[in-house]
Every structure is written in C-alpha cells, then in structure tokens.
Amino acid sequence: MNVSNPFAPVTEHPAAEVAETAEEAIVSRRSVRGFLPDPVPMELVRHILEVSARAPSGTNMQPWQGHVVVGRKRQELCDAVVHASLHERGDYEREYKYYPDQFFEPYLTRRRTVGFGMYDLIGIRKGDTQRMKEQGARNFTFFDAPVGMIFTVDKRLEIGSWLDYGMYLQNLMIVARQYGLHTCPQAAWPSYHVIIKRILGIPEGLTVLCGMALGYEDTSRPENALRTERADLDDYITFHED
C-alpha cells in the first residue's frame, strides 16, 4: 500500500535529511546533542507520537504517558533545571537506578569510549570538571531543541511495562527520521523529578522515566560529528544451526 506523506512539505527544511526506508531510519538515528531553534509544527509532533503508539505492549496496556513542552513552558522548565544542575546538584536524585553501582566489562570500555569521543570533539580535557558540568547542563536545555518531551510511567507497573515503553520510545525516534527530524533520548532528566513534577503538574504516582529532545540537527555543532560503534553480531548473538 502506497500512502502519501501528509507532512511532505515539512521535510523541505534545509536541515532535514529524510530517511526513506525503515532500515535507513534505524541506521541514521543517533543521539543529536545540538539542534537548530527552528520550530517543528505541532501537528507533526502529534502525528509522530500517535504513530509511535502502535508499539507493542503486554495485553495492550500502553503504559506510556508524557508531556510535550515548547515555548514559555519549555523555557521555564529548562531554566529551573539548569540552575539546579549547576548549583544544587547534590540535592536531587532519580527515583530509579539506570546504571549499575560499578561498571564492568565490556560495558565499562564502551561507556568510556563514547565519553572520551564526545569530550574530544568539543575540546574538554580530562579533569576539566567545570566544563564537564556545563556540558552536562546542556541536557536540560534539550540541547537547544525547540521541542522537549518528558515521559512518565505509573509507579505501580512492573518491568514488563518498562520494556514496552522502550519500544514506544524507539518508534518515536525512528518515525522522526522519516520527517527529517532528529532526537536525543535523555536519562539525565529524572534526577530532577521534583522540579519537573512541580512545573508540569505531574502526580506523585508517576515516575519520571526520561526526557527527549526533538528538532532539526545543527550540523555546525562539533559534538554532532560523534558516531558510536556497535559490537559485532557474533559478540552478542549465538546461532544454533543444524
């Protein structure tokens, strides 16, 4: 079935490199850390979110909930969390553990490789804690993306629903590529859930799961030259063949 793209004019943005196949969308998806300020039409944002909700979920529970912030509300949220991250960082912590207490191989090397690669691109040297802190705070401007998203999940749900949620988020990032948009999923936001819940009116019964930036890539940002590696297939898949 050949369905015309109702948002084709949007992809005429000069920074929009459109993924024309599912495989191209997956391969071209990456965490962009510098966006142009150019607005994204809200009808397109709504469309991407609606399509993404076709993600599978156990017994069709559809555990995803979220908030889209643009304009003044986005600025209010960003200003508050940037300030907290730079001046009150020790006063906040996330509601769930994302990483292990101690990294081990092969995950330690992979983590270091991407971190060192990023810092090299933007000229941050080892031990420059102030610049590292300032770069970290860019998370809380959504890396200048005009559209910010905060996703939440009901605290009563179990790990299966979190697995379902990941498929929804992946859908969102892949569908965005069809329209020439890029994203950055952000695990940094949940540490400031107290501020986020206050500003966005999120009930205490919900856990702030992650944030996500959405917009057009700013190709002039050196950090956007980062390309992460993937392990060889045989390193993580075992084939049992007759």
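This is a predicted model: local features need pLDDT of at least 70, side-chain atom pairs count only at pLDDT 80 or more; totals for chains, interfaces and linings use all residues.

Visitor: How far is the sulfur of Cys184 from the closest cysteine sulfur?
Guide: The closest one belongs to Cys210 and sits 10 Å away, which is too far for a bond. A disulfide here is a pair of cysteine sulfur atoms within 2.5 Å.

Visitor: Is Cys184 buried or exposed?
Guide: Cys184 counts as buried, because its relative accessibility is 2%. Cys210 is buried as well, at 9%. Buried means under 20% relative accessible area, exposed means over 50%, and partly exposed is in between (1.4 Å probe, protein chains only).

Visitor: New topic! What's the strand order in the sheet?
Guide: It's an open sheet of four strands, ordered E1-E2-E4-E3 with antiparallel pairing. E1 (65–69) and E3 (182–186) stand at the edges with a single partner strand each, so one side of each has no neighbour in the sheet. From one strand to the next, the twist averages 20°. Strands (E, at least two residues) and helices (H or I, at least four) are DSSP runs numbered from the N terminus, and two strands pair if DSSP finds at least two bridges between them.

Visitor: And how many bridges link E1 and E2?
Guide: Five, in the antiparallel sense, with E2 covering residues 147–154. Gly66 stands opposite Phe151 in E2.

Visitor: Which residues does Thr152 touch?
Guide: Thr152 is in strand E2 and is buried at 1% relative accessibility. Beyond its neighbours within four places in sequence, its contacts include Trp64, Gly66, Tyr165 and Val208. Contact means heavy atoms within 4.5 Å.

Visitor: What do the buried residues of helix H6 pack against?
Guide: They pack against helix H1 (22–28), H2, E1, E2, E3 and E4. Among those buried residues are Tyr165, Tyr168 and Leu172.

Visitor: What span should H6 have?
Guide: Its 20 residues (159–178) should span 28 Å, and the end C-alpha atoms are 30 Å apart, which agrees. The expected span is 1.5 Å times one less than the number of residues. Just after H6, Gly180 takes a positive phi of about 75°.

How values were computed:
Residues are numbered from 1 along each chain as its sequence is written. Side-chain values use heavy atoms; hydrogens and water are left out. Axes are lines fitted to C-alpha atoms, for helices over the stretch in contact, and angles run from 0 to 180 degrees between N-to-C directions.
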